[in-house]
Amino acid sequence: MMPKLPRLILAALLAGSLIISSELPAKRVFGGLRVHEWGTFTSVAGPNGQAVEWSPLTGSTDLPGFVEHFRNGGFKLGLRGTVRMETPVVYFYDSREESVSVKVRFTRGLITEWYPHASRVEPTATLFDRSLYQPQPDGSIAWDMVTVSPSLGAEFPRQAQDSHYYSARQTSATPLRVMTPTGEQHEKFLFYRGVSTFRVPLSAQLTVDGKVQIENGAEEEIPNTILFERRGEKAGYRIGGAIAKEATLEPPELTGNIDDLGRELEGMLVGQGLYADEAQAMVETWRGSWFEEGSRLIYILPAGFVNGILPLSIDPAPAEIARVFVGRLELVTPRTRSAVETAFAKHDQPTLEKYGRFLEPILETMLARDAHRSRVAKLNEYLGALQSSLMAQARGQK
């Protein structure tokens with residue numbers, strides 16, 4: 001039997017003047033709040049052109065001491081993946097003070113570094129070297145109370161040691177206050193990094209005539225691509241433009257200018273939605289890494305791909321969100337193979353240091369391509385020595 005309705009509601013229903021809606025309440029939006037984000041996904045192309053497994057957290061880091069880490073150095077050495085998510089920074093802009101909560105979820109990934117202090121970083125379970133290849137919840141990070149504070153005049157933390165971390169502050173973004181168990185922390189942005197095993201959208205193979213054959217596995221078009229190479233003091237680049245499905249690029253002549261390339265990249269980033277000072281800050285942050293020794297494909301990731309891999313939730317919602325991510329795919333070219341093999345044979349440490357954290361996947365890619373028994377033995381010897389060195393470094397014994 002249907003329960004009796006109050007007389008006023010019953011009368012309204014009979015008169016047709018009461019509308020019952022099944023729609024959810026409208027999402028809260030801060031009309032004056034704008035949010036911009038940039039970051040990088042770094043990977044290494046293997047023999048088949050796809051991103052290979054490696055230990056992306058090895059090598060030196062110049063992050064300031066106040067940045068928080070998920071685990072110690074030994075854990076970092078063991079954590080293996082196919083993608084290093086590097087320095088996403090989230091900027092906020094508002095003329096009024098507003099407080100929001102922020103959460104980022106990382107598909108098949110783990111958040112490894114961050115600042116300011118986060119309310120939660122998950123998963124919290126014990127992880128091992130191949131944990132990202134086992135079924136587990138996606139990684140995530142959350143800040144429950146971020147106050148966008150245009151009147152904040154406090155200085156941001158800084159240490160004496162130089163770091164490219166600080167370059168990201170060179171924008172007009174509104175300062176932030178984040179409440180932590182030990183008090184407030186102030187910064188110009190939210191910062192985080194991570195490792196994942198998701199499949200990057202581009203693959204790149206070398207053809208027999210030295211060209212780079214690129215395939216786009218994403219549903220969306222890749223907005224722009226750059227093929228870059230540096231050997232010593234000489235560098236060059238070739239702009240490949242947008243890629244819908246496939247493209248083949250000639251290797252660049254090593255007659256280019258790094259400053260010109262930096263300006264080209266800034267223009268691409270602005271074209272995707274960043275402000276000019278944000279684009280300059282991003283290029284300045286990564287200038288020493290993107291334009292270092294070796295060959296690589298630098299490309300703009302489609303917005304839909306980024307939002308699928310790295311969903312960002314902000315509550316109340318901003319009126320505008322722009323997210324611009326750059327992909328970096330290292331290429332193990334014949335020149336790279338020759339340089340690395342020669343440097344190992346001659347114990348040329350300065351040259352080996354130029355390839356840094358990429359040495360292990362470079363050697364493994366060389367091994368996968370080589371069938372010559374004596375050379376394979378030498379490469380395995382070099383790889384074993386490198387891995388021993390990395391283990392000693394991670395344990396603080398070097």
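## The E8–E9 hairpin

Strand E8 (residues 176–180) and strand E9 (residues 183–187) run antiparallel and are joined by five bridges. The structure described here is a predicted model. Two residues lie between E8 and E9, and the pair forms a hairpin. Leu176 has its bridge partner in E9, namely Glu187.

Thr147 belongs to strand E7, which covers residues 139–148.

The relative accessible area of Thr147 is 7%, and residues under 20% count as buried, so Thr147 is classed as buried.

## The three-stranded sheet

Strands E11, E12 and E15 make up an open sheet, in the order E11-E12-E15, and the pairing is antiparallel. Strand E11 (202–206) and strand E15 (246–249) are the edge strands, each pairing on one side only. On average, neighbouring strands of this sheet are turned by 20° against each other, with direction ignored.

Between E11 and strand E12 (residues 212–216) there are five bridges, in the antiparallel sense. Leu202 is bridged to Asn216 of E12. As a general point, side chains in a regular strand alternate between the two faces of the sheet.

## Packing of H6 against H8

Helix H6 (residues 334–345) and helix H8 (residues 359–369) have axes that come within 11 Å and cross at roughly 105°. Angles from 65 to 115 degrees count as roughly perpendicular, so H6 is roughly perpendicular to H8.

On the H6 side, the contact is made by Thr336, Arg337, Val340, Glu341 and Phe344. H8 contributes Leu359, Ile362, Leu363, Met366 and Arg369. Sorted by class, the contact of H6 with H8 has six nonpolar residues, three charged residues and one polar residue. Arg337 and Glu341 of H6 and Arg369 of H8 are in the contact, and Arg and Glu count as charged. Thr336 of H6 takes part as well.

Terms used: Residues are numbered from 1 along each chain as its sequence is written. This is a predicted model: local features need pLDDT of at least 70, side-chain atom pairs count only at pLDDT 80 or more; totals for chains, interfaces and linings use all residues. Side-chain values use heavy atoms; hydrogens and water are left out. Two strands pair if DSSP finds at least two bridges between them. Helices (H or I, at least four residues) and strands (E, at least two) are DSSP runs, numbered from the N terminus. Axes are lines fitted to C-alpha atoms, for helices over the stretch in contact, and angles run from 0 to 180 degrees between N-to-C directions. Buried means under 20% relative accessible area, exposed over 50%, partly exposed in between (1.4 Å probe, protein chains only). Angles under 35 degrees count as roughly parallel, over 145 as roughly antiparallel, 65 to 115 as roughly perpendicular and the rest as oblique. Contact means heavy atoms within 4.5 Å.
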